[in-house]
Amino acid sequence: MRYRNKDKREINQFGQELGYAIWLGGPSLTYVKGILCQDGTRRIYHKTGEPDTYFSMPGYVTVKGNKVKGYLTTDGITGEYHFRVYVNEKNSYLITGIENNVTTLFKKTILASVDYF
């Protein structure tokens, strides 16, 4: 699901461009340009769902043309927005650098257990 992000725009003190959708309950953050990822790179975050907790909001960033799923959170001290990867999702290795997540291990196990005649 793609959320509107051009109803309201602003730039925070960290230089991150924030995009909001205006809903009946007030503005909802749906876009962050310049979000800091775990690998130290700044990317564009897009919201994909409603937050399951107060501290995280599901979404994705794009790396080399591939969507990497994760969630938006903030630095508890400064309030800067950060993106954290769901490590067991497809393409998570593009940010974490670790290819041996659960999905990859499962595929290798299945391929190793197949008997060829």
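Guide: A residue is called buried if its relative accessible area is under 20%, exposed if over 50%, and partly exposed in between (1.4 Å probe, protein chains only). Glutamate 80, for instance, is buried, with a relative accessible area of 10%. This is a predicted model, in which local features need pLDDT of at least 70 and side-chain atom pairs count only at pLDDT 80 or more, while totals for chains, interfaces and linings use all residues. Residues are numbered from 1 along each chain as its sequence is written, and side-chain values use heavy atoms, with hydrogens and water left out.

Visitor: How many salt bridges does the structure hold?

Guide: A salt bridge is a side-chain nitrogen of Lys or Arg within 4 Å of a carboxyl oxygen of Asp or Glu. The structure holds 6 of them. One of these joins glutamate 17 to arginine 9, with the closest N and O atoms 2.5 Å apart. Glutamate 17 is partly exposed at 22% relative accessible area, and arginine 9 is partly exposed at 33%.

Visitor: Which side chain meets glutamate 80 in a salt bridge?

Guide: That of arginine 42, at 2.8 Å from N to O. The pair links distant parts of the chain, 38 residues apart: arginine 42 is in strand β4, and glutamate 80 is in the loop between β6 (66-74) and β7 (81-85). Arginine 42 is partly exposed, with 44% relative accessibility.

Visitor: In which sense do β4 and β5 pair?

Guide: In the antiparallel sense, over 2 bridges, with β5 covering residues 57-63. Histidine 46 stands opposite tyrosine 60 in β5.

Visitor: Where do glutamate 89 and lysine 69 lie?

Guide: Their side chains meet in a salt bridge of 3.9 Å, N to O. Glutamate 89 lies in the loop between β7 and α1 (93-96) and lysine 69 in strand β6, so the pair ties together parts 20 residues apart in sequence. Glutamate 89 is partly exposed at 29% relative accessible area, and lysine 69 is partly exposed at 45%.

How values were computed
Pairing = 2+ DSSP bridges. Helix = DSSP H or I, 4+ residues; strand = E, 2+ residues; numbered from the N terminus.
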